[in-house]
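Open the model in a viewer and keep the selection tool at hand. The stops below go from one selection to the next.

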Amino acid sequence: MTWRKFSGEVIQTPILEEVEHAIERETNLGNKLKVCIGTDSQVKGAVTDFATVIVFLREQRGAFMFIHQERTSQKMSIKERMLYEVQKSIDIAYKLCDLLDLYDVGLEVHADINTNPMFKSNQALHEAMGYILSMGFVFKAKPEAFASSCCANKMVQ
């Protein structure tokens, strides 16, 4: 799984190691961190682009993120695609949660799902919320889910 920084620089080390280095560096600089993980997708013809982001929020000092992108030509309904986005975010959150607990870094999983029933993505809201909460993670949906609806979204546009 290839990860990169926002600058485009490819991360050569395993993502768990890179996250630990980032936490240690930021902690040594006196920054308090929170990590938000989110995934967004965009259908472009027969291909769907997915972007998963790990956003590091520095309390009152901005943020930075690591990005993983992939494509699929598999056809999915809107609900399947929303739940697949959530699954991708949970997979990363699960890989990182022990490390984040070790360093006492907060974690949120963001879903690019609208809480307004007038939007198509809303049909996956209850399942996504149940999935994320049942895994023991903090759940955020639009408009609070900036990691997926802003950061990851920027990568698939």
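Buried means under 20% relative accessible area, exposed over 50%, and partly exposed in between, with a 1.4 Å probe and protein chains only. Helices (H or I, at least four residues) and strands (E, at least two) are DSSP runs, numbered from the N terminus. The model is predicted: local features need pLDDT of at least 70 and side-chain atom pairs count only at pLDDT 80 or more, while totals for chains, interfaces and linings use all residues. Residues are numbered from 1 along each chain as its sequence is written, and side-chain values use heavy atoms, with hydrogens and water left out.

**Stop 1: helix α4**

Select residues 146-156, which form α4. Its buried residues are Ala147, Ser148, Ser149, Cys151, Ala152, Met155 and Val156. Now show the strands: these buried residues pack against β1 (4-5), β2, β3, β4 and β5, contact being heavy atoms within 4.5 Å.

**Stop 2: the cores**

A nonpolar core here is a set of buried Ala, Val, Leu, Ile, Met, Phe, Trp, Tyr and Cys residues joined through side-chain atoms within 4.5 Å. Select Val19, Ile54, Phe56 and Phe66, the residues with the most contacts inside the largest such core, which has 34 residues. At least two residues of this core come from each of α1 (15-28), β2 (33-44), β3 (47-58), β4 (63-72), α2 (78-102), β5 (106-111) and α3 (125-134). Which element gives the most to this core? It is α2, with 9 residues.

Next, centre on Phe66. Leaving out residues up to four places away in sequence, Phe66 touches Trp3, Arg4, Lys5, Ile11, Ile15, Glu18, Val19, Ala22, Thr52, Val53, Ile54 and Phe56. Then select Val53, Met65, Ala152 and Val156, which are among the 11 residues of a second, separate core.

**Stop 3: α1 against α2**

Two packed helices are described by the angle between their axes and the distance between the axes. Axes are lines fitted to C-alpha atoms, for helices over the stretch in contact, and angles run from 0 to 180 degrees between N-to-C directions. The axes of α1 and α2 cross at roughly 30° and come within 10 Å.

To see the contact, select Leu16, Val19, Glu20 and Ile23 in α1, which meet Lys95, Leu96, Leu99 and Leu100 in α2.

Stay on Leu100, in helix α2. Is Leu100 buried or exposed? Leu100 is buried, with a relative accessible area of 1%. Apart from residues up to four places away in sequence, Leu100 touches Val19, Ile23, Val35, Val105 and Leu107. The C-alpha atoms of Leu100 and Ile23 are 8.5 Å apart, across 77 residues of chain.

**Stop 4: α2 against α3**

Move along to α3. α2 and α3 pack at about 15°, their axes 10 Å apart, and are therefore roughly parallel to each other. On the α2 side, select Lys79, Leu83, Val86, Gln87 and Ile90; they meet Glu127, Ala128, Tyr131 and Ile132 in α3.

Finish on Ala128, in helix α3. Ala128 is buried, with a relative accessible area of 0%. Setting aside neighbours within four places in sequence, Ala128 is in contact with Leu83, Val86, Ile113 and Phe139. Ala128 and Ala111 lie 7.5 Å apart, C-alpha to C-alpha, and 17 residues apart in sequence.

Methods:
Parallel < 35°, antiparallel > 145°, perpendicular 65-115°, else oblique.
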